[in-house]
Amino acid sequence: MRKARHLAISSRLEATKRHGLVEDYAIEWPVSNFSPPRVRVRSRTQFPAQLTLNYVAVLLGTLVPSRSIEIER
């Protein structure tokens with residue numbers, strides 16, 4: 001389950017990275033099996049952080065809650 005979810009998250013973020021909205025990303029899984037993953041995304045400077053957060057939150061909506069997504073510059 002965790003591996004399939006990780007692959008789904010990373011494939012979506014890789015597509016976003018190829019299209020130029022995201023520079024890099026990291027997916028961190030907590031020790032507890034019931035906690036959602038924490039996703040850190042490095043946004044490009046050309047795009048506002050809020051725009052990147054909104055896009056990634058919609059993109060990963062069924063896989064990661066928006067409170068677990070963090071945008072860095």
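**Group meeting talk: strands, helices and core**

R40 stands opposite E70 in β3.

First, the ground rules. This is a predicted model, so local features need pLDDT of at least 70 and side-chain atom pairs count only at pLDDT 80 or more, while totals for chains, interfaces and linings use all residues. Residues are numbered from 1 along each chain as its sequence is written, and side-chain values use heavy atoms, with hydrogens and water left out.

Some terms next. Helices (H or I, at least four residues) and strands (E, at least two) are DSSP runs, numbered from the N terminus. Two strands pair if DSSP finds at least two bridges between them. Buried means under 20% relative accessible area, exposed means over 50%, and partly exposed is in between, with a 1.4 Å probe and protein chains only. Contact means heavy atoms within 4.5 Å.

Now the strands. β2 covers residues 38–43. How many bridges join β1 to β2? There are 6, and these two strands run antiparallel. β1 spans residues 22–28. I27 is the residue opposite V39 in β2. On to β3, residues 69–72. Here 4 bridges make the link to β2, and the two run parallel. V41 has I71 as its bridge partner in β3.

Which residues of β2 are on its covered face? V39, V41 and S43 are. R38, R40 and R42 are on the uncovered one.

Take S43, in strand β2. It counts as buried, at 1% relative accessibility. S43 touches L21, E23, T52, I71, E72 and R73, leaving out residues up to four places away in sequence. S10 is 33 residues from S43 along the chain, and their C-alpha atoms are separated by 16 Å.

E23 sits in β1. This one is partly exposed, with a relative accessible area of 33%. Beyond its neighbours within four places in sequence, E23 is in contact with K17, R42, S43 and R44. E23 and P36 are 13 residues apart along the chain, and 23 Å separates their C-alpha atoms.

Which residues of α2 are buried? T52, V56 and A57 are. They cover an arc of only 125° around the axis, which puts them on the same side of α2. The arc is that of the directions from the helix axis to the C-beta atoms. The buried residues of α2 pack against α1, β1, β2 and β3.

L59 is also in α2. It is partly exposed, at 22% relative accessible area. Setting aside neighbours within four places in sequence, L59 contacts R12 and T16. L59 and A49 are 10 residues apart in sequence and 15 Å apart in space, C-alpha to C-alpha.

Now α1, residues 2–18. It has 17 residues and reaches 24 Å from first C-alpha to last, close to the 24 Å expected at 1.5 Å a residue. That expected span is 1.5 Å times one less than the number of residues. I9, S10, L13 and T16 are buried in α1. Seen down the axis, the buried residues of α1 fall within an arc of 115°, so they line one face of the helix. They pack against β1, β2 and α2. K3, A4 and R18, on the other side of α1, are exposed. After α1 comes G20, with a positive phi near 95°.

Last, the core. A nonpolar core is a set of buried Ala, Val, Leu, Ile, Met, Phe, Trp, Tyr and Cys residues joined through side-chain atoms within 4.5 Å. The largest one has 14 residues. Which of them touch the most other members? I9, L13, V39, V41, V56, L60 and V64 do. α1, β1, β2 and α2 are the elements that give two or more residues to this core. β1 gives the most, with 3 residues.

Not counting residues up to four places away in sequence, I9 touches I27, W29, P37, V39, L60, L63 and V64.
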